[in-house]
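Biologist: I am new to this structure. Please pick out one part and take me through it closely.

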Amino acid sequence: MSQAPIDIERLVSIMQEAGRTEVMPRFRNLGAGDIREKTSATDIVTEADEASEAHIRKAVQELAPNALFVGEETVAKDASILEKLKSADLAVVVDPIDGTSNYAAGVPLFSVMAAVIAKGEVVAGAIHDPVSGDTVMAERGAGAWWDLGKDDKRRIKVAWPVPLDEAVGIVSATYFEEKAKHALLPRLENVKIFANYRNAGHEYKMLATGGAHFVLYSRTMPWDHAPGAMIVQEAGGHVAFDDGAPYDPTRYDGVLLSACSRQTWKSAASQLLGVGAEMV
């Protein structure tokens, strides 16, 4: 791999440590007081989220003391940190448990995610599954890899493109504006299979490893998308907003579409989002 400003292998090790020591011991062991709502019944935080983020934050501050730390739970307490990301020379963005609703419900489908951002550009990303112990990761210009443990590390590549009516898609319509959601849902009949796992980490991993052809989101917070966008791009995929602009970790509006190829991106944008040819 190339040399990112922060050693991605060390960052992955920190994520794995958090998974082993903070996330998995609390899985299916949370008490009633260990789960709290943030903004709604589907937007929650657990004691494990906070413990995992604290573990990662401490280790990252030792690894890269000059880096801005942008954790989902840290930003929930101090939103001004997110604004600092736009001007930071170096930042580490972390989702301590992506898929908290699954985690809290005892469903083994969640991830620990992190991305390294230098001057507004994602230069490395990783998605770790604490249940299976595997990790997908990438550095800009160096490709994407799947670390399955026991010295089994494999290069990954997105699926071969197929027509949209034969495609497997992952669609998260939760945060679409009402009018856009009403327009999108009937159009999904154009897709062979579509699903949603309430966990962007696993969804991006499916796309990057060839298990899906596109993923579609309308909420674009950096901890949810910077790691996956980086990995998908390095695995050969195409990632852009619905207006055709490339992924930007400091942009939080618009619809984000990632696909196994530029042609698949165009087909999904046109048939699902009604984006005209001039936009793609």
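Start with strand β3: which residues point one way and which the other way, and are they buried or exposed?

Modeller: One caution before the answer: this is a predicted model. From β3, Leu-68 and Val-70 point one way. Phe-69 and Gly-71 point the other way. All four are buried.

Now place the strand. β3 belongs to an open sheet of seven strands, in the order β3-β4-β5-β6-β7-β8-β9. The pairing in this sheet is mixed. β3 (68-71) and β9 (153-155) stand at the edges. Each has a single partner strand, so one side of each is left without a neighbour in the sheet. From one strand to the next, the twist averages 20°.

β3 and β4 run parallel, joined by four bridges. Take Val-70 again: its bridge partner in β4 is Val-93.

Further along the order, the sense of pairing can be antiparallel. Strand β5 (residues 111-118) pairs that way with strand β6 (residues 121-128), over seven bridges. Look for Val-112, whose bridge partner in β6 is His-128. Helix α2 (residues 47-63) packs on this sheet. The helix touches β3, β4 (90-98) and β5. The direction of α2 makes about 155° with that of β4.

Strand β8 (residues 143-147) holds a residue worth a stop, Asp-147. Asp-147 is buried yet has no salt bridge. Its nearest side chain of opposite charge is Lys-153, 4.6 Å away. A salt bridge would need the Lys nitrogen within 4 Å of a carboxyl oxygen. The side chain of Asp-147 does reach the backbone nitrogen of Gly-149, at 2.9 Å. Now set aside neighbours within four places in sequence. Asp-147 is then in contact with Asp-134, Thr-135, Met-137, Asp-152 and Lys-153.

α7 lies across β4, β5, β6 and β7 (135-139). The helix runs at about 75° to β5. Helix α7 spans residues 200-208, and eight of its nine residues are buried, so it is largely enclosed by the rest of the structure. The buried ones are Ala-200, Gly-201, His-202, Glu-203, Tyr-204, Lys-205, Leu-207 and Ala-208. After the helix comes Gly-210, with a positive phi near 95°.

β10 (residues 168-171) and β12 (residues 214-217) pair in the parallel sense over three bridges. Gly-169 has Phe-214 as its bridge partner in β12.

Key
Residues are numbered from 1 along each chain as its sequence is written. This is a predicted model: local features need pLDDT of at least 70, side-chain atom pairs count only at pLDDT 80 or more; totals for chains, interfaces and linings use all residues. Side-chain values use heavy atoms; hydrogens and water are left out. Buried means under 20% relative accessible area, exposed over 50%, partly exposed in between (1.4 Å probe, protein chains only). Helices (H or I, at least four residues) and strands (E, at least two) are DSSP runs, numbered from the N terminus. Two strands pair if DSSP finds at least two bridges between them. Axes are lines fitted to C-alpha atoms, for helices over the stretch in contact, and angles run from 0 to 180 degrees between N-to-C directions. Contact means heavy atoms within 4.5 Å. Lys and Arg count as positive and Asp and Glu as negative; His and the chain ends are not counted. A polar contact is a pair of N or O atoms within 3.5 Å; within protein, one must be able to donate a hydrogen and the other to accept it, and residues adjacent in sequence count only if both atoms are side-chain atoms.
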